[in-house]
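Biologist: I am new to this structure. Could you show it to me and then take my questions?

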Amino acid sequence: MKISRSGKAAGLVISGALALAACGSDTQTTTGATPTGSSSTAAIDCGSGDLKGAGSSFAKNIVAQWIKDYAAACGTAKVDYQGVGSGTGIKQFTAGTVDFAGSDAALKDTEQADATKRCGGAPALHLPVTAGGVAIAYKLQGVDSLQLSPKTLAGIFQGTITTWDDAAVKADNPSATLPSTKITAIRRSDSSGTTDIFTKFLEATAGADWTLGSGKEVDFPAAVQGAAKSDGVTQAVTGVEGAVTYVELSFAKGAALGVAAVKNAGNEYAELSAATVTKALESLTVPTGDLVLDFDYAALGAGTYPLTGVTYAVVCSKGTDAAKLELLKKFLTYSATTGQAAAEGLDYAPLPSNLATAVTTAVASLA
């Protein structure tokens, strides 16, 4: 498997165990998993002042836990994060209304240019804060186990596969009894990094069967219904028999939805689990400098859950308001180190130590 950053020298190589992950964030109650554990508040280097972030709803639940624990240890610090979606978070960051953005997708060239202007001519950096699999969550009475190939997913989300007993779904599930229930596909209506991950995966793996391209915003057909943010798509699926969506795992589990196995390049239908996410991320090469990671979805073979991605904190390499800089650096360092203890209990992946080191090194360089 190859996962690399184009045009950059290879830096570190990730190995060792990773737990199951996800993406998104804000501080409000969600339909995702209720935090069941807390990251340790020991050895937190406290900053003071206030900090604002916005963006990815994929990492929502773990960021909420970080904010809670950091506030408990550091009463003079206030961190606020709104899970408004990756695209909106990037717009708020480039407009200068928040101090950092959360995004499940790297900035596009135009966004990078706007970020450079916001940062006073210095480039913005992408700092991975968590990684994991995008769940294919569904509600289908009597079907406790479901398998879906990239081509079948492409048909479902292009509106060409419309019932659960379609021949393509049956071919993926030869031993299952599938009802003739109508499929209601639900997609993100907002500018979403989760959509970016999902559509890049289909673009790389479904071939000519996927015709919609990829990005944070994709022109889905009218038959595919839209809902905003991770909460919205989850709620939409829970309310409709036969509905299906793509969303971070904790939201699916919190709503007691089914989660499909997804076919990988090794012709296996892989369950979304700690082991399969770990396998997908083994030997991931971490670049130096800007820590953008490119996933080769078509090469994720035996033992891997192939629909994977990362969430980034997007920050100015230079040019952050001096009154905010100390707290930004201390909070991001906490998030990448001590804060990772919260990951497994919330269905996220703790960063492997060498990636965490790359992030903390980059954070230390912020000016």
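Biologist: What kind of model is it, and how are residues numbered?

Modeller: This is a predicted model, in which local features need pLDDT of at least 70, side-chain atom pairs count only at pLDDT 80 or more, and totals for chains, interfaces and linings use all residues. Residues are numbered from 1 along each chain as its sequence is written, and side-chain values use heavy atoms, with hydrogens and water left out.

Biologist: How many helices and strands are there in the protein chain?

Modeller: The protein chain has 11 helices and 16 strands. These are DSSP runs numbered from the N terminus, with helices (H or I) of at least four residues and strands (E) of at least two.

Biologist: What share of the residues is buried?

Modeller: Of the 367 residues in the protein chain, 56% are buried. Buried means under 20% relative accessible area, exposed means over 50%, and partly exposed is in between, with a 1.4 Å probe and protein chains only.

Biologist: Which residues touch the most other members of the largest nonpolar core?

Modeller: They are Phe93, Leu127, Ile136, Leu146, Ile156, Phe157 and Val244, in a core of 100 residues. Strand β6 gives the most to this core, with 9 residues. Another core, of 10 residues, lies apart from it and includes Ile186, Val237, Phe251 and Leu257. A nonpolar core is a set of buried Ala, Val, Leu, Ile, Met, Phe, Trp, Tyr and Cys residues joined through side-chain atoms within 4.5 Å.

Biologist: What does Leu146 touch?

Modeller: Not counting residues up to four places away in sequence, Leu146 touches Tyr138, Trp164, Val169, Asn173, Leu178, Ala260 and Ala261.

Biologist: Changing topic, how many disulfides are there?

Modeller: The count is 2 disulfides, a disulfide being a pair of cysteine sulfur atoms within 2.5 Å. With bonded cysteines counted along the chain, the pattern is 1-2, 3-4.

Biologist: Where do Cys46 and Cys74 lie?

Modeller: Cys46 and Cys74 form a disulfide with their sulfur atoms 1.9 Å apart. Cys46 is in the loop between β2 (10-13) and β3 (49-55), and Cys74 is in the loop between α1 and β4 (77-82), so the pair ties together parts 28 residues apart in sequence. Cys46 is partly exposed, at 30% relative accessible area, whereas Cys74 is buried, at 2%.

Biologist: Why is the disulfide of Cys46 and Cys74 called left-handed?

Modeller: It is left-handed because the torsion about its S-S bond is about -75°.

Biologist: And the pair Cys119 and Cys316?

Modeller: The sulfur atoms of Cys119 and Cys316 are 2.0 Å apart, and this link is left-handed, with -80° about the S-S bond. It links distant parts of the chain, 197 residues apart: Cys119 is in the loop between α3 (109-118) and β6 (124-138), and Cys316 is in strand β16. Cys119 is buried at 3% relative accessibility, and Cys316 is buried with a relative accessible area of 1%.

Biologist: Is Ser335 buried or exposed?

Modeller: Ser335 is buried, with a relative accessible area of 1%. Its place is in helix α10. Leaving aside neighbours within four places in sequence, Ser335 is in contact with Trp66 and Gln340.

Biologist: Which residues lie nearest the centre of the largest pocket?

Modeller: Ala105, Ala106, Asp196, Lys200 and Asp294 do, among 25 lining residues. The volume of the largest pocket is about 470 Å³, and its lining has 10 nonpolar, 5 polar and 10 charged residues.

How values were computed. Contact means heavy atoms within 4.5 Å. On a 1 Å grid over the protein atoms alone, a cavity is a set of points where a 1.4 Å probe fits but cannot get out, and a pocket is an open set with protein on both sides within 12 Å along at least five of seven lines; lining residues have an atom within 4 Å of a point. Grid points are joined across faces, edges and corners, and a volume is the space filled by probe spheres set on the points. Ala, Val, Leu, Ile, Met, Phe, Trp, Tyr, Cys and Pro count as nonpolar, Asp, Glu, Lys and Arg as charged, and the others, Gly among them, as polar.
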